[in-house]
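Please open the model in your viewer and keep the selection panel at hand. The stops below take one chain and then the other.

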Amino acid sequence: MFDLLKINIVSLAIITNLIIGFLAVRGKFSNPVNRFLGIFSLVFAIWAGTLYLYENPFIFDSLFWIKATYSVVVFGIIGCMFYFAYIFPDGKTYPPLQGQVGFLSLAILIEYILLFTDKFVRGVSLKTFGPATDLGSFYLGFIIYCSIFGFWGLIVLIKKYKSSIGLVKSQLKFLFMGLFLFVLTTILLDSILPLLYGDTRYFSISSVGSLFFVGCTAYSIIMHRLLDIRLITGRIVVNTLLISFLVSLMEAGAVSYWLITKTPIRPGVLLVVIVVALIIVLIYDKLNKLASNIASRFLFQSVYDYQKTLLDATLGLSKYLDVSKLAKVVTNSLEQAMRSDRAVILVRDFNTNYYKIETSYGFEERDCLNLVYNISVVSYLEGSGEIVILEEINHIISETENEVEKTALEKLRSQMKDSQVSVIIPILKNGVMISVILLGDKISKDAYSVQDVDLLKTIATQSAVAFENARLYKEVTSFNEELKLKIQDATSNLQKVNLRLKQLDKLKDDFVSMASHELRTPMTAIKSYIWMALSHSDIPLSLKLKNYLTKILVSTERLIHLVNDMLNISRIESGKVEVKPEIFSIKELVKEVIEEVNLKAKEKNITLGILDSSQVPQVFADPEKIMQVVLNLVGNSLKFTPNGGKISISFFSDGEMLDVSISDNGVGIAKDDLSKLFTKFGRLDNSYIAAATSGGTGLGLYICKSLIELSKGKIWVESDGVGRGATFKFSIPIASEKVIENVDSFSNLRYI
Amino acid sequence: MAKRILIVEDDQFLREFYQELFSDEGYSVESVGDGEAGLAKMQKGGYDVVMLDIMMPKIDGLEVLRELKTRRPEQENKAIVMLTNLGQDAIIKTAFELGAKGYLVKSAMNPDQVLTEIKSYL
């Protein structure tokens with residue numbers, strides 16, 4: 001009995017260790033931690049094996065096996081402990097070189113003593129309970145050696161534990177626990193009990209200690225993903241338990257048989273039993289599947305892989321946005337799984353409220369449509385939202401107490417019978433039926449099982465979402481198409497309009513330039529001849545005639561002026577005016593203007609001059625245009641200043657812009673009229689007779705404003721009121737260093 | 001020898017006006033009404049001042065100048081003054097490049113101003 005227990009424990013230890021080792025190695029062989037754990041497990045397995053063989057010698061004698069056991073301990077177990085303590089958990093650190101050298105040399109020494117002297121193991125003697133080892137004086141040295149390296153490794157691990165956090169810390173906790181239990185049991189069985197009893201009877205089962213270590217490691221694997229072998233471990237643990245259970249069962253059976261028949265127990269047979277159990281457990285799963293496949297094929301059972309069907313259906317439904325493709329996916333899944341003899345999918349068109357048959361086989365069109373256009377059926381389906389199976393309706397009807405419901409269900413049943421429909425799967429969205437799947441009977445004539453209904457429900461729900469998505473997608477794309485068309489329309493309209501506007505603009509420009517040219521020719525002729533008539537002294541003219549002719553001359557001049565102004569404005573407004581900025585002296589320009597109008601000023605005895613003579617910075621603008629402006633403003637001042645008046649021009653700079661002021665003490669401007677001045681035709685009605693002879697058109701100031709603004713400046717007027725004179729001011733940019741540097745780029749400023 | 005002046009101007013009244021204006025001053029004045037005739041006269045050349053209108057039918061003033069550049073006149077024309085109603089810089093610039101000496105804006109000048117201007121070229 002005791003032996004059997006021992007065998008069980010040992011075999012369990014061996015197998016579990018090997019399995020863990022196998023997993024560790026198979027998982028990630030490259031990772032040194034895994035590798036070492038693999039070696040560790042293997043070592044443990046060998047250790048358990050040698051210990052057992054020591055008690056039940058096979059091929060060699062007990063002495064050989066006990067020496068083998070100690071060898072395993074000296075090199076394998078202590079070595080692994082030593083190295084593992086360093087390598088775990090990052091797989092990069094190794095024990096220091098001196099440590100490794102020390103360990104190897106000591107291990108070799110002890111091994112030598114073990115194998116070639118009898119100071120370690122003196123011999124093995126056979127006792128009642130089995131073999132017993134006589135230990136030599138060097139056994140103490142062995143204990144010391146184990147303690148040194150054992151504690152060394154332990155200290156290293158403790159240090160790591162102290163300095164680690166989180167996952168690594170928990171993993172180390174388990175490792176420690178396992179180690180502790182292992183060491184405890186080993187010491188108990190290998191040191192304390194021998195001392196108490198005086199013999200080594202419990203040696204062979206000291207391998208049970210390894211179980212603790214392996215168990216804790218396995219646990220921490222499962223719990224904390226130690227060494228990356230979590231997933232497979234679950235299944236392996238189950239298998240291991242199965243194996244152990246099976247083994248124990250079979251052994252119990254064998255032993256009972258032997259006890260009953262009183263035949264001797266043969267360990268070899270038990271070994272075979274263990275192996276057989278292992279094989280059975282490992283291949284049971286596959287055998288099961290194979291058997292059921294054969295059976296189903298033979299018996300036409302509709303066995304399908306529920307999960308695979310569902311997965312395929314889900315993937316297919318999420319792949320397409322086209323209703324007919326989706327319907328195909330659903331039909332395929334149903335065909336695969338249910339094997340119905342008839343199936344149809346109807347999808348509702350919300351625009352027309354008709355149902356469209358997307359896919360079908362086996363059904364008569366009329367039958368499907370009859371069912372679907374039956375209002376009571378539809379309202380029942382929308383109300384319940386459940387899958388309806390014909391075979392079950394009878395059952396449901398007998399259970400219902402509500403008369404109304406009963407009638408509805410009876411109607412439903414008769415309709416289903418008429419249309420030869422066995423299953424109705426409504427697909428609802430927000431309580432409204434958007435689609436429906438109708439199935440006939442299964443080919444095998446089996447009933448629809450609970451699993452079938454579950455699958456149908458799941459597929460129906462997913463189809464609802466997929467169909468709704470398809471519908472929305474269709475809406476969105478058709479909306480987009482419409483929008484595109486509308487935009488195209490609008491754009492082409494705009495393009496037409498734009499083209500027309502451009503044409504009109506060109507027409508206007510052509511008209512204006514032609515008109516102004518054509519108009520000026522006869523006007524010049526008129527003006528010239530009248531002038532001649534008036535100035536040639538040899539032409540006799542009465543005073544009255546002279547008067548008339550003078551008036552005609554003045555009007556002609558005004559007419560010419562008006563045409564010029566209109567042409568100017570037209571050109572400015574259509575952006576045809578070229579502004580060519582330069583750096584020039586505004587003071588010099590003003591002096592030029594003063595010279596030009598000096599004659600007129602003298603005629604009216606008006607003083608005209610620049611106020612101060614200090615340095616005026618150069619400006620950056622188109623001198624021609626500025627000249628026009630200054631001429632106009634000075635001319636205005638001359639017109640509106642009475643004889644003996646004064647016009648003064650001054651400059652003011654703020655660093656960026658230069659202000660030019662033209663002040664007169666003439667008729668002034670009323671506050672209300674200030675804003676009217678720079679508009680088109682903004683002449684003031686209360687102007688003098690001088691204005692009438694001035695040839696002013698009312699366009700002058702407007703043109704000035706446009707020109708100044710084209711030069712990036714401002715123009716404005718100040719006046720204290722009627723009779724108090726007026727000051728016209730404008731500002732233009734000063735030629736700063738920035739401007740002077742970039743003269744080239746600025747000179748490209750054209751139409752704005 | 002009286003100074004010779006050629007007037008090339010398509011408007012009849014203006015042409016007659018200039019004719020009268022300069023004749024009264026004592027110059028020898030010839031006048032034609034289109035570019036072709038003007039070009040022919042200028043080819044013969046020998047004028048002290050040619051008043052050349054820009055806007056004309058058939059060949060315009062600039063065209064005339066271009067033609068003269070390729071076929072040099074038999075006798076030199078001392079000064080060519082462009083007549084225009086507009087003061088468009090681009091055209092004026094081109095005219096100068098093609099050999100014009102000056103320009104005057106017909107509608108902007110009084111007859112006495114015209115006289116003074118033309119006299120300055122003689």
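What follows is a tour of selections, each with a short account of what is there.

This is a predicted model, in which local features need pLDDT of at least 70 and side-chain atom pairs count only at pLDDT 80 or more, while totals for chains, interfaces and linings use all residues. Residues are numbered from 1 along each chain as its sequence is written, chains are lettered from A and ligands numbered from 1 in the order in which they are written, and side-chain values use heavy atoms, with hydrogens and water left out.

**Chain B**

Begin by selecting chain B, where five helices and five strands are found (DSSP runs, H or I of at least four residues for helices and E of at least two for strands, numbered from the N terminus). Followed from the N terminus, these elements of chain B run β-α-β-α-β-α-β-α-β-α. Of the 122 residues in chain B, 48% are buried, a word that stands for under 20% relative accessible area, with exposed for over 50% and partly exposed for what lies in between (1.4 Å probe, protein chains only). Counting contacts (heavy atoms within 4.5 Å) in chain B between residues at least 6 apart in sequence, 64% join residues at least 24 apart.

Next select Arg4(B) and Tyr47(B): Arg4(B) lies over the face of Tyr47(B), at 4.4 Å from the ring centre. A charge counts as sitting over a ring if NZ of Lys or CZ of Arg is within 6 Å of the ring centre and within 35 degrees of the ring normal.

**Aromatic residues of chain A**

Which residues form one aromatic cluster? Select Phe82(A), Tyr83(A), Tyr86(A), Phe103(A), Tyr145(A), Phe149(A) and Trp152(A), which together form it. Rings of Phe, Tyr and Trp (its six-membered ring) pair if their centres lie within 6.5 Å, and planes under 30 degrees apart count as stacked, over 60 as edge-to-face and the rest as tilted. Over all chains the structure holds 23 aromatic pairs. One of them joins Phe149(A) and Trp152(A), a stacked pair at 5.8 Å centre to centre with 5° between the planes. Because Phe149(A) and Trp152(A) are three residues apart in helix α5 (residues 139-163) of chain A, about one helical turn separates them. Phe149(A) is buried, with a relative accessible area of 3%, whereas Trp152(A), at 29% relative accessibility, counts as partly exposed.

**A buried helix face and a charge over a ring**

Move to helix α12 (residues 365-372) of chain A, where Asp367(A), Cys368(A), Leu369(A), Leu371(A) and Val372(A) are buried. The buried residues of α12(A) pack against several elements of chain A, including β3 (343-349), β4 (354-361), α13 (375-384) and α15 (403-419). Then select Arg342(A), whose charged end sits over the ring of Phe363(A), 5.4 Å from its centre.

**Two loops of chain A**

Most residues other than glycine have a negative phi, and most peptide bonds are trans. Asn605(A), although not a glycine, has a positive phi of about 60°; the place of Asn605(A) is in the loop between α18 (586-603) and β9 (607-610) of chain A, and at 57% relative accessibility Asn605(A) counts as exposed. Finish at Lys712(A), likewise not a glycine, with a positive phi of about 65°, which belongs to the loop between α21 (700-710) and β13 (714-719) of chain A.
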